[in-house]
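Trainee: I am new to this structure and would be grateful for a guided reading. May we begin with its charges?

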Amino acid sequence: MTFFNRARREVPQLNTAALPDLIFTVLFFFITVTHMREVTLKVKYQVPEGTELTRLVKKSAVTYIYIGKPTDEIRHVTGDKTSIQLNDKIADTTDIIDYVAEERKRMSPEDAQNMSVSIKADRGTEMGVITDVKQALRKAGALRINYSANQKGKK
């Protein structure tokens, strides 16, 4: 009978050959799933709730306009009044016409023809500001307008 000496036993080393494959697989997963925000928000808005909502089908032909109170970082510049954000800058209703024309030039001809404007407004925004934005969009020829909202009861 042979006796084994317990002192000579060693724990086998961990095989790390598959570790880089695993890391790159997880990295690829997060790259494909993560949605990167294209615009830095400079206005605060609480999305209103609605009951009869539909999803946008083709988001490449959508231009966003944000309306709400300014964030703390830019409040000292703009004050507390309701602000309109076009891409990464605070703008006035007179800037909307040029903004829409610029966005149309940036799109493909097919998308420019089907362009719609999505207004992401705070639920406390006065209707006068939204009406001014709609009038500027009408002058710019952007007649497809929708409003962003959450399904009532969901956050």
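Predicted model: local features only at pLDDT ≥ 70, side-chain atom pairs only at ≥ 80, totals over all residues.

Trainee: How far apart are the mean positions of the positive and negative charges of the chain?

Mentor: The chain carries 25 positive and 19 negative charges.

Trainee: Which pattern do the helices and strands follow along the sequence?

Mentor: The chain contains five helices and eight strands. Read in sequence order, they give the pattern α-β-β-β-α-β-β-α-α-β-α-β-β.

Trainee: Is the chain compact or spread out when set against the globule rule?

Mentor: For 155 residues the globule rule gives 15 Å, whereas the radius of gyration is 26 Å, well over that value. The C-alpha atoms fill a box of roughly 100 × 40 × 35 Å along the principal axes. Because the radius of gyration is well over the rule's value, the chain, compared with a compact globule, is more spread out.

Trainee: Where on helix H3 do its buried residues lie?

Mentor: Helix H3 spans residues 96–106, and its buried residues are Ile 96, Tyr 99, Val 100 and Glu 103. Seen down the axis of H3, these buried residues fall within an arc of 95°, so they line one face of the helix.

Trainee: Which elements do the buried residues of H3 pack against?

Mentor: The face turned away from the buried side of H3 carries the exposed residues Asp 98 and Lys 105. The buried residues of H3, for their part, pack against strand E3 (62–70), strand E4 (83–86) and helix H5 (127–140).

Methods
Residues numbered from 1 in each chain as written. Heavy atoms only, no water. Helix = DSSP H or I, 4+ residues; strand = E, 2+ residues; numbered from the N terminus. Rg over C-alpha atoms; globule rule 2.2 N^0.38 Å. Lys, Arg positive; Asp, Glu negative; His and termini not counted. Charge placed at Lys NZ, Arg CZ, Asp CG, Glu CD. Buried < 20%, exposed > 50% of the residue type's maximum accessible area, 1.4 Å probe, protein only. Arc of directions from axis to C-beta. Contact = heavy atoms within 4.5 Å.
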